[in-house]
Amino acid sequence: MKKFLWAFALLMLAAVLGACNSSSDKEEQKDKPVKEETPAEDTTDATEDKKTGGEVNVYTARHYDVDAVLYEEFTEKTGIKVNVIEAKAPELIERLKREGQNTPADLFITVDGGILNTAKEEGLLQPIESEEIDKAVPAELRDTDNEWIGLSTRARVIVYSKDRVKPEELSTYEDLATDKWKDKLLVRSSDSLYNQSLMASLIAIDGEDKAKEWAQGIVNNLAREPEGGDRDQARAIVAGVGDVAIMNSYYVGHMSVSDEAEDVKVFDQIGVFFPNQETTGTHINISGAGLIKHSKNKENAVKLIEYLTTVEAQEQFTAENFEFPVNKEAKLPEVMAEWGTFKPQEVDFADYGKYNPKAVELMNEVGWK
Ligand code: FE
């Protein structure tokens with residue numbers, strides 16, 4: 001049995017590495033090496049577990065260092081061991097479906113409201129009951145049935161050259177698709193879920209025709225063919241390739257404290273603008289944790305979510321990964337406090353999943369590479 005588990009773990013590792021190598025998202029790979037640990041199904045650990053408070057098995061698609069730090073702190077506080085399996089979200093969903101009630105997983109953690117909702121619709125999750133969580137996380141950042149709980153959010157903002165663009169010239173995502181920005185706009189490929197969810201949100205708000213027109217305008221205005229990750233768009237602004245870019249807010253925070261001197265220089269020369277403040281709001285997306293329907297360590301799983309939504313853990317999420325906290329009591333790091341507050345889009349996160357196929361189709365139709 002043990003032999004079989006090892007073989008399975010190695011096979012999964014190979015599958016995960018293979019998938020990552022074929023991925024265009026090199027930036028995300030750079031953020032964190034893929035980790036694979038087999039959750040301790042081994043019964044020889046059982047006595048140890050009782051002594052230490054047991055365990056919780058997490059399947060996660062998040063690729064940020066701060067997560068591991070928080071899991072360690074949770075273990076220190078509670079004695080509950082956190083076993084982590086990290087892979088891309090669609091692979092984890094397939095795996096959960098395949099494993100069914102035999103799954104060792106207790107929690108599914110990922111970025112993107114659409115994917116969280118897909119896990120729910122696949123029947124992989126169950127409602128989470130915890131007054132603490134209900135108090136810590138506003139209802140709009142939780143699933144309607146509490147099958148998943150938001151852990152952090154991020155905004156897809158406009159970043160601009162402080163030398164060449166005045167913030168007064170900026171207004172909306174729609175404005176970026178007008179002739180005003182011809183040959184000046186930078187954005188990564190439509191393969192990115194970040195862009196797919198932005199497009200899906202515009203379909204939800206404006207309808208397919210208008211969203212397609214918008215995507216066409218974006219493609220018409222590109223300063224170069226889409227390449228690289230979000231940070232590469234900011235770097236290209238400073239290199240003079242273009243003047244404005246669409247990127248996730250937390251990457252700007254990362255650049256402000258980067259070990260790479262070049263990235264800190266880039267940070268100094270760009271500004272952050274929250275679009276659509278007078279209209280439909282800035283696009284946000286959410287990271288969240290869903291409780292697995294067949295969880296064997298349900299109590300520990302709920303405890304881990306309770307911990308991750310405390311002010312203390314939330315301040316770490318935001319201080320180290322520059323994501324917005326879901327717990328409004330949590331303080332922001334200086335760089336984010338300077339951005340100020342903003343109005344987010346009022347879109348059901350489930351729509352990101354619902355309109356994803358249409359978003360991909362329309363982006364392909366207009367030639368968004
Ligand atoms: Fe990212």
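S256 touches V264, F267, F322 and V335, leaving aside residues up to four places away in sequence; contact means heavy atoms within 4.5 Å. This is a predicted model, in which local features need pLDDT of at least 70 and side-chain atom pairs count only at pLDDT 80 or more, while totals for chains, interfaces and linings use all residues. Residues are numbered from 1 along each chain as its sequence is written, and side-chain values use heavy atoms, with hydrogens and water left out.

**S256**
- S256 has its place in helix α12, residues 249-256; helices (H or I, at least four residues) and strands (E, at least two) are DSSP runs, numbered from the N terminus.
- S256 counts as buried because its relative accessibility is 18%; buried means under 20% relative accessible area, exposed over 50%, and partly exposed in between (1.4 Å probe, protein chains only).
- A polar atom of the S256 side chain lies 2.5 Å from the backbone oxygen of G253.

**D183**
- The loop between α8 (173-176) and β6 (185-186) holds D183.
- D183 has a phi near 65°, which is a positive value in a residue other than glycine.
- With a relative accessibility of 47%, D183 counts as partly exposed.

**N276**
- N276 is found in the loop between β8 (270-273) and β9 (284-292).
- The phi of N276 is near 60°, again a positive value in a residue other than glycine.
- N276 counts as buried because its relative accessibility is 0%.

Terms used. A polar contact is a pair of N or O atoms within 3.5 Å; within protein, one must be able to donate a hydrogen and the other to accept it, and residues adjacent in sequence count only if both atoms are side-chain atoms.
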